[in-house]
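Q: Before we look at any particular feature, could you take me through how such a model should be read? I would like the general idea each time, and then the case at hand.

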Amino acid sequence: ETPASAEDAAVERELATSGYDLSTEDAAAATNRFQAQMSGSWNDQIVANTEELKPLAAVMDQLALLEQEKIAADARLEEEYRMRADNEEKYYREKRSLLEQAAQQMQQTTAFTGAPAAVDG
């Protein structure tokens, strides 16, 4: 096998096992891209097109910053959610304690008022 056909076979194996359903034209285009990337001039082409790619790089930087901001906002929301859950638990316990005390006082009051009065005799 020649190196090009070995690369073609490797690309086709990858495409076949990846679950993608590519037409023959798409597979050929993917093979051509792969071969171009493997050639020694690929990096030279990228460096030569750096000026043309600057706007794309700026957009990618902005996207990366937005993603970082989203991650930070999500982390703040998660912390706020945790704090809210802690707060809910705290006030639930306080309300429960207050209601238990009130129920206990009611039982004591009922026990004293429901008992027959002592008769002097």
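A: Let us begin with a definition: a salt bridge is a side-chain nitrogen of Lys or Arg within 4 Å of a carboxyl oxygen of Asp or Glu. A search of the whole structure on that criterion finds 6 salt bridges. This is a predicted model, in which local features need pLDDT of at least 70 and side-chain atom pairs count only at pLDDT 80 or more, while totals for chains, interfaces and linings use all residues. Residues are numbered from 1 along each chain as its sequence is written, and side-chain values use heavy atoms, with hydrogens and water left out.

Q: What is the mean pLDDT of the protein, and where is confidence lowest and highest?

A: The quantity pLDDT is the predictor's confidence in each residue, from 0 to 100. Its mean over the protein is 81, and 80% of the residues reach 70 or more. Confidence is lowest in helix 1 (residues 3-17), where the mean is 68, and highest in helix 4, where it is 92.

Q: How many helices and strands are there?

A: Both kinds of element are DSSP runs numbered from the N terminus, helices being H or I over at least four residues and strands being E over at least two. The protein has 4 helices and 0 strands, and its pattern along the sequence is α-α-α-α.

Q: How much of the protein counts as buried?

A: A residue is called buried under 20% relative accessible area, exposed over 50%, and partly exposed in between, using a 1.4 Å probe and protein chains only. Of the 121 residues, 4% count as buried. The areas themselves come from the Shrake-Rupley method with a 1.4 Å probe, and for residues only the protein chains shown count as cover. The protein exposes about 10900 Å², of which carbon and sulfur atoms supply 57%.

Q: Which residues of helix 2 are buried, and which are exposed on the other side?

A: The buried residues of helix 2 are Ala27, Ala30 and Thr31. They cover an arc of only 100° around the axis (taken from the directions from the helix axis to the C-beta atoms), which puts them on the same side of helix 2. On the other side of helix 2, Glu25 and Arg33 are exposed. Asn32, also found in helix 2 (residues 24-38), is partly exposed, with a relative accessible area of 49%. Between Asn32 and Asp8 there are 24 residues of sequence separation, and their C-alpha atoms are 8.7 Å apart in space.

Q: Which residues are linked in a network of salt bridges, and how are they spaced?

A: An α-helix has 3.6 residues a turn, so residues three or four places apart point the same way. Here the network of salt bridges links Glu79, Arg82 and Asp86. Arg82 pairs with Glu79, the closest N and O atoms being 2.5 Å apart, and these two, 3 residues apart in helix 4, are separated by about one helical turn. Asp86 pairs with Arg82 at 2.6 Å between the closest N and O atoms, and they are 4 residues apart in helix 4, again about one helical turn. Each member is partly exposed, with relative accessibilities of 35% for Glu79, 41% for Arg82 and 42% for Asp86.

Q: Which salt bridge does Glu100 form?

A: Glu100 forms a salt bridge with Arg96, the closest N and O atoms being 3.1 Å apart. Both lie in helix 4, 4 residues apart, about one turn of the helix. Glu100 is partly exposed at 45% relative accessibility, and Arg96 is partly exposed at 46%.

Q: Which residues form the nonpolar patch, and which helix gives the most to it?

A: Patches are made of residues with over 30% relative accessible area and no salt bridge, like charges being joined within 9 Å and nonpolar side chains (Val, Leu, Ile, Met, Phe, Trp, Tyr) within 5 Å. Ile46, Leu53, Leu56, Val59, Met60, Leu63 and Leu66 form such a nonpolar patch on the surface, with about 620 Å² of accessible area together. Helix 4 (residues 50-114) gives the most to the patch, with 6 residues. Leu53, placed in helix 4, is partly exposed, with a relative accessible area of 34%.
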